[in-house]
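Could you walk me through this structure, one selection at a time? I have it open in my viewer and would like to know where to click next.

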Amino acid sequence: TPIPPHSPPAMSVPPRAVVAVAQATSTPDKEHNWLQCSALVREAAGRGARLVFLPEGFDFIGTGPEQSLRLAEPLHGHTVGRYQHLARECDVWLSLGGFHERGSDWDTTGRIYNCHILLDNSGAVVATYRKTHLFDAELPGSVSLRESSFTNPGPAIVPPVDTPVGKLGLAVCYDLRFPELALALRGAGAQILAYPSAFTVPTGAAHWEVLLRARAIECQSYVVAAAQTGRHHEGRVSFGHTLVADPWGTVVAQCREGPGLCFADIDLEFLERVRRDIPVQGHRRRDLYGCPGAPA
């Protein structure tokens with residue numbers, strides 16, 4: 001039998017609930033990005049979504065570290081305030097994936113956090129996860145990115161959050177490459193894993209879908225991946241291919257090229273059936289190799 005996670009009981013949720021997942025092309029122009037993303041949120045709410053996911057860098061994608069530091073804001077600044085009002089106006093929860101946050105240590109470190117913010121439909125901030133794995137990569141013939149040169153790594157994993165569509169585990173982009181984080185969230189009770197992203201074209205073409213489907217299969221969870229797409233400025237292009245994978249690993253929703261939305265049903269009865277039919281949580285040999293997030 002699977003070992004049940006030690007976590008608070010989930011809020012009452014319908015067997016199926018609709019999520020909307022946005023694909024955007026952010027630029028250094030915050031106002032342009034706000035108009036694009038807020039229009040997508042309003043469209044999603046009008047089509048019945050209970051929770052709307054926005055990609056990493058929904059606020060902006062800068063031309064380099066200097067601009068990113070200059071444009072960053074505190075959590076309770078103008079940009080997040082606008083989205084809090086939007087959540088109330090549209091009566092939806094919002095996953096704001098990858099906000100450039102000037103944290104409480106900004107004055108001493110001069111660095112920011114890559115912060116995944118979850119708002120409820122009253123506009124309240126119900127969770128903040130600061131990206132723990134920072135993307136430092138040299139890709140031959142392509143981009144060179146060193147996120148750690150201006151970003152602090154987050155200090156902690158955030159427990160899954162009860163939402164109107166299920167228990168949601170928060171991650172960001174490069175975290176996708178670390179199954180330990182996904183397994184820790186699954187062990188803590190997550191039913192949905194969110195990976196808001198701005199994948200590069202070379203890494204996205206090679207690894208994006210297979211990694212997302214792998215996390216869905218091994219955690220027997222829904223995986224929701226809102227993505228940046230297209231050219232942000234002269235030096236940066238993102239892969240796109242926003243998608244949702246179900247607990248069997250099937251891609252059940254996906255965006256085409258360009259900004260837009262895809263929609264998926266989160267079917268928790270199906271999720272529980274998958275977990276019951278192949279109870280991997282109960283088969284883990286923790287005595288041999290341990291397990292991230294294993295119940296105490």
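How many of the 9 residues of helix H5 (residues 179-187) are buried? Before you count, keep in mind that you are looking at a predicted model.

**Stop 1: helix H5**

Select residues 179-187. Here 7 of the 9 residues are buried, so helix H5 is largely enclosed by the rest of the structure. To see them, colour Leu181, Ala182, Leu183, Ala184, Leu185, Arg186 and Gly187, the buried residues of H5.

Now show what surrounds them. Among the neighbours that the buried residues of H5 pack against are strand E5, strand E9 (166-170) and strand E10 (192-194). Helices take part too: helix H6 (201-219), helix H7 (268-277) and helix H8 (280-283) also pack against the buried residues of H5. Before you leave, click on Gly189, which follows H5 and has a positive phi, near 110°.

**Stop 2: the largest pocket**

The largest pocket holds about 610 Å³ of space. Select Ile61, Leu145, Glu147, Phe150 and Arg236: of the 34 residues that line this pocket, these lie nearest its centre.

Which elements supply the lining? Helix H2 (65-71), strand E3 (93-101), strand E4 (113-119) and strand E7 (144-146) each give at least two residues to the lining of the largest pocket. E7 has the largest share, with 3 residues. If you colour the lining of the largest pocket by class, you will find 13 nonpolar, 15 polar and 6 charged residues.

**Stop 3: salt bridges**

Side chains of opposite charge can pair when their charged atoms come close. Across the whole structure, a search finds 12 salt bridges. Here are some to visit.

Start with Lys30 and Glu73, whose side chains meet in a salt bridge at 2.7 Å, N to O. Lys30 lies in helix H1 and Glu73 in the loop between H2 and helix H3 (78-90), so the pair ties together parts that are 43 residues apart in sequence. Show the surface and compare the two partners: Lys30 is partly exposed, at 25% relative accessibility, while Glu73 is buried, with a relative accessible area of 11%.

Move on to Glu56 and Lys131, which form a salt bridge at 3.3 Å, N to O. This pair links distant parts of the chain, 75 residues apart: Glu56 is in the loop between E2 and H2, and Lys131 is in the loop between strand E5 (125-130) and strand E6 (136-138). Are these two buried or exposed? Glu56 is buried, with a relative accessible area of 10%, and Lys131 is buried as well, at 2% relative accessibility.

Then select Glu101 and Arg130, a salt bridge whose closest N and O atoms are 2.8 Å apart. Glu101 sits in strand E3 and Arg130 in strand E5, so to speak two distant parts of the chain, 29 residues apart, linked by the pair. Glu101 is buried, at 3% relative accessibility.

**Stop 4: Arg47**

Finish at Arg47, in the loop between helix H1 (30-46) and strand E2 (51-54). Arg47 is exposed, with a relative accessible area of 52%.

Methods: Residues numbered from 1 in each chain as written. Predicted model: local features only at pLDDT ≥ 70, side-chain atom pairs only at ≥ 80, totals over all residues. Heavy atoms only, no water. 1 Å grid on protein atoms, 1.4 Å probe; cavity = no way out; pocket = protein on both sides within 12 Å on 5 of 7 lines; lining within 4 Å. Points joined across faces, edges and corners; volume = space filled by probe spheres on them. Helix = DSSP H or I, 4+ residues; strand = E, 2+ residues; numbered from the N terminus. Nonpolar A, V, L, I, M, F, W, Y, C, P; charged D, E, K, R; others polar. Buried < 20%, exposed > 50% of the residue type's maximum accessible area, 1.4 Å probe, protein only. Salt bridge = Lys/Arg side-chain N within 4 Å of Asp/Glu carboxyl O. Contact = heavy atoms within 4.5 Å.
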